[in-house]
Amino acid sequence: MTPPKAVVFDIGNVLIHWGYEAHFVAKFGAERTHAFLEQTDILAVHARTDAGAPFTKTILNHAQHHPLYADMIEAWVSDWKDMAAPEVEGSAQVLFDLKARNIPVYALSNFATENYEWSRSQYPVLQAFDQEFISGRMGVDKPHPEIYQTLEFETGLNGSDLIFADDREDNIAAARERGWHGHVFTTAELFRAELTKFGLL
């Protein structure tokens, strides 16, 4: 098996937690949170921002259609730094250890442009990539092939040159279809072991 030359990181639930449900349960209670998630279709609206729609405008416009949950929809914006937090234990160190060995590290993440900048300003690890491939900037999200193709074109790497860590099986499956090495992320410890197996750490 050809060892990879570069490591590609998803961000949510790989480098920083994406804990919207726990945050909302703590703030608004379990019953209201579950009703909010079921009745407002907020996750589908959020996905539109990952694919390029403006984050704040899109989310706040949605509040007009659900006045009973307007406070919760508005909190989707105002509480972002608490929802996308904290760092996933050990993952930043994996990335920094790769950089210390001169292994290129790339971001490939479904993330709206505006709130990515909020998170990037909060976490130094998100400022450490050699290149960033952020869906909101690109107007296409995972697992669509175009986002993977763009990374290949801009880095000059493809197939087994790349190993990709993502917490979602469908995103990893799309990478593996292109010949990338894929790792379904659960813990930094297991990902470090996988990279060590390839001799990258």
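**Stop 1: two helices side by side**

Select H7 and H12. They pack at an angle of about 25°, with their axes 9 Å apart. H7 and H12 are therefore roughly parallel to each other, since angles under 35 degrees count as roughly parallel. The crossing of H7 past H12 is right-handed. Keep in mind that you are looking at a predicted model.

Now show the side chains where the two helices touch. From H7, pick Ser91, Gln93, Val94, Asp97 and Leu98; from H12, pick Ala188, Phe191, Arg192 and Leu195. Colour this contact by residue type. You get five nonpolar residues, two polar and two charged.

**Stop 2: H7 by itself**

Select residues 91-100, which make up helix H7. Which residues of H7 are buried? They are Ser91, Ala92, Val94, Leu95 and Leu98. Turn the view until you look down the axis of H7. The buried residues fall within an arc of 160°, so they line one face of the helix.

Next, move to Asn102, which follows H7. Asn102 sits in the loop between H7 and S2. Its phi is positive, about 65°, although Asn102 is not a glycine. Most residues other than glycine have a negative phi. Is Asn102 buried or exposed? Asn102 is exposed, with a relative accessible area of 70%.

**Stop 3: H12 by itself**

Go back to H12 and highlight Ala188, Phe191, Glu194 and Leu195, which are buried. Look down the axis of H12 this time. Its buried residues fall within an arc of 120°, so they line one face of the helix.

Now show what the buried residues of H12 pack against. Select S1, H7, strand S4 (162-166) and strand S5 (181-184). Then step to Gly199, which follows H12 and has a positive phi, near 80°.

**Stop 4: another helix pair**

Select helix H1 (residues 20-28) and helix H2 (residues 30-40). Their axes come within 7 Å and cross at roughly 130°. H1 and H2 are therefore oblique to each other. H1 passes H2 in a right-handed crossing.

Which residues meet here? On the H1 side, show Tyr20, Glu21, Phe24, Val25 and Phe28. On the H2 side, show Ala30, Arg32, Thr33, His34, Phe36 and Leu37. Colour by type again: this contact holds seven nonpolar residues, two polar and two charged.

**Stop 5**

Select Asp41, in the loop between H2 and helix H3 (42-50). Asp41 is not a glycine, yet its phi is positive, about 60°. Show the surface around it. Asp41 is partly exposed, with a relative accessible area of 48%.

**Stop 6**

Select Tyr69, which lies in the loop between helix H4 (55-63) and helix H5 (70-78). Is Tyr69 buried or exposed? At 11% relative accessibility, Tyr69 counts as buried, because buried means under 20%.

Now bring up its partners. Beyond its neighbours within four places in sequence, Tyr69 is in contact with Arg32, Ala35, Phe36, Gln39 and Thr40. Draw a distance line from Tyr69 to Thr33, C-alpha to C-alpha. Tyr69 and Thr33 are 36 residues apart in sequence and 9.5 Å apart in space.

**Stop 7**

Most peptide bonds are trans.

Select Ala85 and Pro86. A cis peptide bond joins them, with omega about -10°. Pro86 is in the loop between helix H6 (80-83) and H7.

Then select Lys142 and Pro143. These are also joined by a cis peptide bond, and omega is about 5°. Where is Pro143? Look in the loop between helix H9 (135-138) and helix H10 (145-155).

**Before you close the viewer**

Technical notes:
Residues are numbered from 1 along each chain as its sequence is written. Side-chain values use heavy atoms; hydrogens and water are left out. Buried means under 20% relative accessible area, exposed over 50%, partly exposed in between (1.4 Å probe, protein chains only). Helices (H or I, at least four residues) and strands (E, at least two) are DSSP runs, numbered from the N terminus. The arc is that of the directions from the helix axis to the C-beta atoms. Axes are lines fitted to C-alpha atoms, for helices over the stretch in contact, and angles run from 0 to 180 degrees between N-to-C directions. Angles under 35 degrees count as roughly parallel, over 145 as roughly antiparallel, 65 to 115 as roughly perpendicular and the rest as oblique. A crossing is left-handed if the near helix is turned anticlockwise from the far one by less than a right angle, and right-handed if clockwise. Contact means heavy atoms within 4.5 Å. Ala, Val, Leu, Ile, Met, Phe, Trp, Tyr, Cys and Pro count as nonpolar, Asp, Glu, Lys and Arg as charged, and the others, Gly among them, as polar.
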